[in-house]
Amino acid sequence: MNIKELEEKSKVYRKKILKYIYNAKAGHTGGSLSIIDILNVLYNKVLNVSPENFNTPEKDIYIQSKGHCVEALYVVLADKGFFPEDDLLTLCQYQSPYIGHPTRKIKGMEQNTGGLGHGLSICCGSALAAQKDQSDVKVYTVLGDGEMAEGSNWEAFMFAAHYKLDNLCAILDYNKLQITAPNAEVMGLEPLDKKLEAFGWAVRHVDGNDVEALVNTFDALPFESGKPSFIIAHTTKGKGVSYMENVLKWHHGVPTAEQYELALAEIDS
């Protein structure tokens, strides 16, 4: 898939995220729109994973630590053929397995996540196992910037550097807003790159809503031999819909019928 095709795919994914959140009357809209370009590039350009190889030891591993933005992951997995897309019409409905956080009941989901700070730790174990097996498996996770305040992440940062897990890549969806306020007001992260480098990681910044920049960044992995890689992906919460962008209430807002149609029109234009 070339860059133009990836850009068009992101538009399709954004519209589908809105469709299923609007239908369910529930979902984490802003964050799902901010991470979708990252997931698009991962699943359409980077990951060696498919419905056919998902249960084999050779496939790559993706764990979404930012589990509350599962709507974005559902849309991508459906597009890749892991399950029929019409299943998403049951999102957040009674007895539907398509709930508001990742669950292994859904094909394509590696782990149940959503408890903030868990995903990276699990990825460290998977990456260490692959290293000991002398496997070519690569391990990826997307973290939310709000969950970077969790101490378990910083234990995992130490662990990954200690074991030289250069088959591990963590991507931060750095939209700089969390549920109650900007990150800088709740728990400041900066200087984040210096902190991670001090913990032994190789770090790069990228525009996380620019698919070409993302492709080039992933192509450069690992950034340094013997070090885990960390991508600080600067994104916009609610990306692609002007009235949602950088607006706190869209952390888990649901559009009205009028807002929904306006959003679709903006994405198309």
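Strands here are DSSP runs of E with at least two residues, helices are runs of H or I with at least four, and both are numbered from the N terminus. You are looking at a predicted model, in which local features need pLDDT of at least 70 and side-chain atom pairs count only at pLDDT 80 or more, while totals for chains, interfaces and linings use all residues. Residues are numbered from 1 along each chain as its sequence is written, and side-chain values use heavy atoms, leaving out hydrogens and water.

**Strands S1 and S2**

Now show residues 61–64, strand S1, together with residues 139–144, strand S2: the two run parallel and are joined by 4 bridges. Two strands count as paired if DSSP finds at least two bridges between them. Buried means under 20% relative accessible area, exposed means over 50%, and partly exposed is in between (1.4 Å probe, protein chains only).

**Asn167**

Next, select Asn167, in the loop between helix H5 (151–162) and strand S3 (168–174). Is Asn167 buried or exposed? Asn167 counts as buried because its relative accessibility is 10%. A polar atom of its side chain lies 3.0 Å from the backbone oxygen of Ala127. This is a polar contact (a pair of N or O atoms within 3.5 Å; within protein, one must be able to donate a hydrogen and the other to accept it, and residues adjacent in sequence count only if both atoms are side-chain atoms). Not counting residues up to four places away in sequence, Asn167 touches Ala127, Ala130, Gln131, Val137, Lys138 and Val139, where contact means heavy atoms within 4.5 Å.

**Salt bridges**

Side chains of opposite charge can pair when their charged atoms come close. A salt bridge is a side-chain nitrogen of Lys or Arg within 4 Å of a carboxyl oxygen of Asp or Glu, and by this rule the count comes to 9.

Select Lys59 and Glu110, whose closest N and O atoms are 2.9 Å apart in a salt bridge. This pair links distant parts of the chain, 51 residues apart: Lys59 is in the loop between helix H2 (29–46) and S1, and Glu110 is in the loop between helix H3 (70–79) and helix H4 (119–132). Both Lys59 and Glu110 are buried.

Then go to helix H1 (residues 3–24), where Glu8 and Lys4 lie 4 residues apart, about one turn of the helix. Their salt bridge has its closest N and O atoms 3.6 Å apart. Lys4 is exposed, at 52% relative accessible area, whereas Glu8 is partly exposed, at 34%.

**Helix H8**

Your last stop is helix H8 (residues 211–219). Which of the residues of H8 are buried? They are Val211, Leu214, Val215, Thr217 and Phe218. Look down the axis of H8: these buried residues fall within an arc of 165°, so they line one face of the helix. The arc is taken from the directions from the helix axis to the C-beta atoms. Among the elements covering the buried residues of H8 are H1, H2, S2 and S3. Finally, find Asp210, which caps the N-terminal end of H8, with a side-chain oxygen 3.1 Å from the backbone nitrogen of Glu212.
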